[in-house]
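Work through the exercises below with the model open. Try each task before reading its solution.

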There are 2 protein chains.
Amino acid sequence: MLNLIPGWLTRLLAALAKRWPALASWINHRMINGLVESCRARPHPWSTAHPYTSWTALTDQSWSARHLAPVKRESLPDPAEVQQLFERNGDEQQYCKKSTCLFPAFAQYLTDGFIRTVMPSREEPPELRLRNSSNHQIDMCPLYGRSQMQTDALRLKSGKRGERGRLLSQQMSGGEEYAPYLLLPDGSADPRFAGILDEPLGIRDVTDHRRAHIFAFGGDRTNAVPQVAMLNTLFLREHNRLAGKIEQIEPSWDDERVFQVARNTVIVIFLKIVVAEYINHITPSPFRFIAAPKVAWKAHWNRPNWITTEFSLLYRWHSLVPDSMKWNGRVVPTSTTSMDNSLLTSAGLAAAFLNHTDQPAGRLGAFNTAPFLTPVETRAVMQGRLADIAPYSEYREYVSLPRPSDFSDVSTNSKTQRLLKSLYRNVNSVEFYPGLFAEDTVPNSPLPPLILKFVAVDAFSQAFTNPLFSPHVFKEETFSPVGWDAIHRTSTLADLVERNTPTGLQGARLSMTRADWTPVS
Amino acid sequence: MLNLIPGWLTRLLAALAKRWPALASWINHRMINGLVESCRARPHPWSTAHPYTSWTALTDQSWSARHLAPVKRESLPDPAEVQQLFERNGDEQQYCKKSTCLFPAFAQYLTDGFIRTVMPSREEPPELRLRNSSNHQIDMCPLYGRSQMQTDALRLKSGKRGERGRLLSQQMSGGEEYAPYLLLPDGSADPRFAGILDEPLGIRDVTDHRRAHIFAFGGDRTNAVPQVAMLNTLFLREHNRLAGKIEQIEPSWDDERVFQVARNTVIVIFLKIVVAEYINHITPSPFRFIAAPKVAWKAHWNRPNWITTEFSLLYRWHSLVPDSMKWNGRVVPTSTTSMDNSLLTSAGLAAAFLNHTDQPAGRLGAFNTAPFLTPVETRAVMQGRLADIAPYSEYREYVSLPRPSDFSDVSTNSKTQRLLKSLYRNVNSVEFYPGLFAEDTVPNSPLPPLILKFVAVDAFSQAFTNPLFSPHVFKEETFSPVGWDAIHRTSTLADLVERNTPTGLQGARLSMTRADWTPVS
């Protein structure tokens with residue numbers, strides 16, 4: 001809707017909305033509904049189970065849903081040639097004008113919670129990638145695990161005063177709280193977790209030193225890079241802080257109730273940050289979206305979540321990853337940081353967050369992926385083919401964006417145009433995954449238009465449908481007065497870092513947006 | 001809404017609606033929305049998992065949802081005394097003025113598919129009854145099983161022409177098709193089913209003769225009584241009939257696709273019968289509800305199904321069960337028919353259905369349960385206590401019925417009033433389960449008001465939310481032209497019996513409503 005309004009009027013409305021909450025709320029409803037309604041509402045008629053509508057496809061969520069029906073395609077280009085679209089060819093990395101490294105870190109932490117494509121081992125059939133192990137909810141499973149058994153294993157489970165409702169944790173020097181390590185000091189499996197928590201992906205390929213610092217987390221991807229462990233540590237601390245406060249005001253509550261109410265609160269705080277900080281960071285509009293659940297209460301798009309196979313591709317933002325990262329004052333090549341939590345613990349949580357604010361993310365798009373990640377881009381292309389994903393131009397139409405009639409409608413970059421043309425000849429033949437990343441980014445957003453649209457649609461239609469946001473649940477008694485107050489006082493990661501680190505932020509800026517960013521008009 | 005309109009106007013509108021489809025559709029929408037909106041929409045804030053709102057309570061469907069929060073109660077009457085409310089004390093069974101025995105048979109078949117309270121063995125803790133094994137969908141699991149593995153075991157899985165998409169079956173004399181038997185002729189387990197299908201409840205307690213006639217069905221309660229097996233057999237035949245037709249018009253489709261499309265069709269045919277025949281039978285209004293899925297497409301009550309613990313109690317209609325049943329010309333005491341499928345196979349399917357039409361059901365309510373079932377009533381009372389179900393009067397208010405202020409507001413029967421008063425003293429103390437059945441039935445309905453309201457609310461809010469009824473799925477290509485045509489030409493069990501029995505109905509009347517029933521005005 002707002003695309004049709006001239007820029008000066010949009011800015012005027014945005015300024016008025018800041019002073020007039022009723023206007024802000026009205027615009028918020030219109031914008032969110034307008035976005036979500038730009039494509040078909042769930043239930044999706046198809047999943048990866050069958051290439052037609054079946055009861056399995058409509059109900060078995062271990063298959064991934066589909067926005068569009070599969071399309072069998074022939075004579076697609078050699079994937080090694082498609083990989084050129086992502087390669088730098090020796091050029092320097094380009095940076096995103098808007099985003100700091102906190103943005104890709106948060107995106108990775110967020111999506112690891114619900115995009116859970118099954119990763120077949122070398123011995124297993126590649127078709128396993130058509131399945132997922134997702135709960136299809138924003139449920140903080142990297143923190144709490146995906147099942148009751150995992151949640152139980154991660155809890156302290158103590159009825160003692162001062163310990164009720166807590167997640168297991170360890171205190172390190174300087175008053176820094178972290179999750180316990182997954183392994184015992186002698187390197188053997190800790191029986192509290194072995195066979196219960198998912199084995200961290202990649203744990204078998206790392207050095208003993210790194211293995212010793214792997215945390216007992218709910219997610220098998222949560223130890224993958226230290227910036228994801230950083231985010232999970234922040235929410236672990238917030239959970240335990242809340243449990244302590246809830247225990248104080250509700251002395252009659254047992255361990256179970258303190259835990260459950262703290263968990264309710266942490267999930268909603270996370271949802272609030274997703275909308276108020278993350279989505280507002282990616283949106284090019286001067287309007288700020290408001291995390292007001294009411295917009296979904298009577299919405300006809302409020303239907304059960306189901307992560308799509310397209311979503312598992314369009315969220316692979318490898319080119320955002322910088323070539324090197326500053327950790328604790330030292331510049332470290334990103335390719336070497338995999339599963340190295342000692343980078344986080346040696347820096348401390350607040351410093352690690354501030355380091356992420358100080359560095360720009362890469363520019364998302366063509367010819368800009370770090371060399372160590374280009375093979376991963378090729379695997380994504382292959383996954384798209386395995387799932388018979390429809391062509392890129394079909395998806396443009398599906399989300400109400402103009403269908404490209406020429407390669408110049410995809411990208412203004414002549415090198416990108418030439419490469420796509422040589423690969424696909426016809427713009428309607430461009431594959432989904434390369435097309436997503438060939439596009440120019442949207443002015444004032446770190447994302448290109450098709451990705452931006454999908455992310456916005458799915459963020460709103462899958463975050464606001466959270467049962468904790470539902471009309472008879474989203475009220476003080478679900479969260480306790482302490483939790484309800486924390487929910488209302490939290491809308492950014494900075495709020496959480498301030499109250500969950502020994503030193504706090506001491507006035508330092510913590511943001512997904514670069515300090516030197518100014519919007520273009 | 002329609003309660004407020006005088007009777008003559010209701011009848012006039014109903015007559016007009018028959019001639020004017022747009023009016024019928026408008027009234028249908030208003031009536032359905034009015035009914036469903038008489039209580040809170042899902043998601044329910046509680047389940048049997050915790051006595052407060054928790055993430056487990058909001059997401060783990062192996063616990064049963066709750067309409068109202070649990071209420072711990074003290075000093076409740078001795079269950080043996082409560083059982084008096086159901087006992088006949090030597091009086092003759094009273095009959096329902098409206099319903100034939102086909103009505104309770106269908107109700108049992110329908111609810112066995114989604115009310116799946118876990119039944120603990122004597123050695124297991126009774127708290128297991130707070131859990132369920134339901135898919136929370138009307139998915140025809142008595143026919144297809146509750147899991148992919150069970151479905152696979154029940155299928156013929158043949159790629160041959162003339163066999164594609166079929167469920168396993170056997171032909172008996174007279175051209176009668178039934179499911180295969182669960183056991184081999186020597187009484188040993190058939191390896192196709194052993195360990196895959198749920199063990200039929202009660203199979204260990206019956207004679208070898210009955211055990212030999214137990215069918216390989218998807219549900220563990222589907223062999224419980226021959227009238228339930230009768231209904232499942234009907235849908236088995238319809239599935240295989242449809243598969244044959246679909247195979248003919250789509251010769252390129254493989255076994256899998258023929259099966260899936262036939263299953264889509266059978267589920268929707270069943271949903272249509274639930275609304276058009278079953279719900280219209282229980283409704284006291286002269287309006288006929290229409291199984292038009294559109295009413296739910298934008299409804300704010302279209303939220304994921306979740307069977308409640310209250311539902312598992314209010315659907316125990318034991319007093320509908322007649323003391324004896326005619327099977328194949330012979331009158332058999334109902335207490336002896338448990339798991340005796342030979343009654344069905346010796347009669348044949350059409351005759352069995354017609355026998356059910358010829359006999360009145362019992363009157364639902366106080367002092368009318370067959371003696372062999374009164375202990376089951378007591379178990380229901382105990383289950384209500386185990387789940388800390390709130391008092392009866394709270395539920396009246398919850399579904400927008402007047403809260404009783406005296407025992408005479410519950411029942412006009414002085415014996416019922418006296419008994420309730422002696423048990424509970426105060427009408428606000430009456431327990432949910434006894435209160436449900438103490439009420440008078442509604443004029444022109446087989447059900448009393450509180451049960452009627454819950455059944456209508458849950459039927460609409462859980463049937464119309466079926467994914468096969470959703471806007472982008474409910475169209476011809478999901479069902480094939482054959483299936484789409486069958487859906488539109490089917491609204492009663494009679495339609496199915498006509499086309500799935502060797503002789504058909506030959507003009508005989510087959511109905512849930514007694515031939516001698518006339519509505520009171």
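Predicted model: local features only at pLDDT ≥ 70, side-chain atom pairs only at ≥ 80, totals over all residues.

**Exercise 1. Positive phi**

Task: Decide whether B:Gln506 is buried or exposed. Then do likewise for A:Ser75.

Solution: 
- Step 1. Locate B:Gln506 in the segment after α20 (493–499) of chain B.
- Step 2. Read its backbone: phi of B:Gln506 is near 50°, which is positive in a residue other than glycine.
- Step 3. Count neighbours. B:Gln506 has 9 other C-beta atoms within 10 Å, so B:Gln506 is exposed.
- Step 4. Turn to A:Ser75, in the loop between β2 (65–66) and α4 (79–82) of chain A. Its phi is near 45°, again a positive value in a residue other than glycine.
- Step 5. Count again. A:Ser75 has 6 C-beta neighbours inside 10 Å and therefore counts as exposed.

**Exercise 2. Cis peptide bonds**

Task: Find which residues the cis peptide bond joins in chain A. Then look at chain B.

Solution: 
- Step 1. In chain A, the cis bond links A:Arg42 to A:Pro43, with omega about 0°.
- Step 2. A:Pro43 sits in the loop between α2 (21–36) and β1 (46–47) of chain A.
- Step 3. In chain B, the bond from B:Arg42 to B:Pro43 is cis, and omega is near 0°.
- Step 4. The loop between α2 (21–36) and β1 (46–47) of chain B holds B:Pro43.

**Exercise 3. Two helix pairs**

Task: Describe how α10(B) packs on α18(B), then how α9(A) packs on α20(A).

Solution: 
- Step 1. Two packed helices are described by the angle between their axes and the distance between the axes.
- Step 2. Apply them to α10 (residues 255–282) and α18 (residues 449–463) of chain B: the axes come within 11 Å and cross at roughly 165°. Angles over 145 degrees count as roughly antiparallel, so α10(B) is roughly antiparallel to α18(B).
- Step 3. List the contacts. From α10(B) come B:Leu271, B:Val274, B:Val275, B:Ile279 and B:Ile282; they meet B:Leu452, B:Val455, B:Ala456, B:Ala459 and B:Ala463 of α18(B). The contact has ten nonpolar residues, no polar and no charged ones.
- Step 4. Move to chain A. Helices α9 (residues 226–249) and α20 (residues 493–500) pack at about 65°, with axes 10 Å apart. Their crossing is left-handed.
- Step 5. Here A:Leu234, A:Arg237, A:Glu238 and A:Arg241 of α9(A) meet A:Leu496, A:Val497, A:Arg499 and A:Asn500 of α20(A). The classes are three nonpolar, one polar and four charged.

**Exercise 4. The two chains**

Task: What rotation superposes chain B on chain A? Which element gives the most to the side of chain B that touches chain A?

Solution: 
- Step 1. A rotation of 180° with 0.0 Å of shift along its axis superposes the chains, at an RMSD of 0.0 Å. The two copies are therefore related as by a two-fold rotation axis.
- Step 2. Both copies use the same surface: 100% of the contact residues of chain B recur in chain A.
- Step 3. Count the contacts: 30 residues of chain B touch 30 residues of chain A. On the chain B side, the elements giving two or more residues are α3 (55–59) and α10. With five residues, α10(B) gives the most.
- Step 4. Sort that side by class: eleven nonpolar, 13 polar and six charged residues.

Definitions and conventions: Residues numbered from 1 in each chain as written. Chains lettered and ligands numbered in written order. Axes fitted to C-alpha atoms, helices over the stretch in contact; angles between N-to-C directions. Helix = DSSP H or I, 4+ residues; strand = E, 2+ residues; numbered from the N terminus. Parallel < 35°, antiparallel > 145°, perpendicular 65-115°, else oblique. Contact = placed C-beta atoms within 7 Å. Nonpolar A, V, L, I, M, F, W, Y, C, P; charged D, E, K, R; others polar. Least-squares fit on C-alpha atoms with pLDDT ≥ 70 in both. Left-handed = near helix turned anticlockwise from the far one by under 90°. Buried ≥ 20, exposed ≤ 12 C-beta atoms within 10 Å, placed from the backbone.
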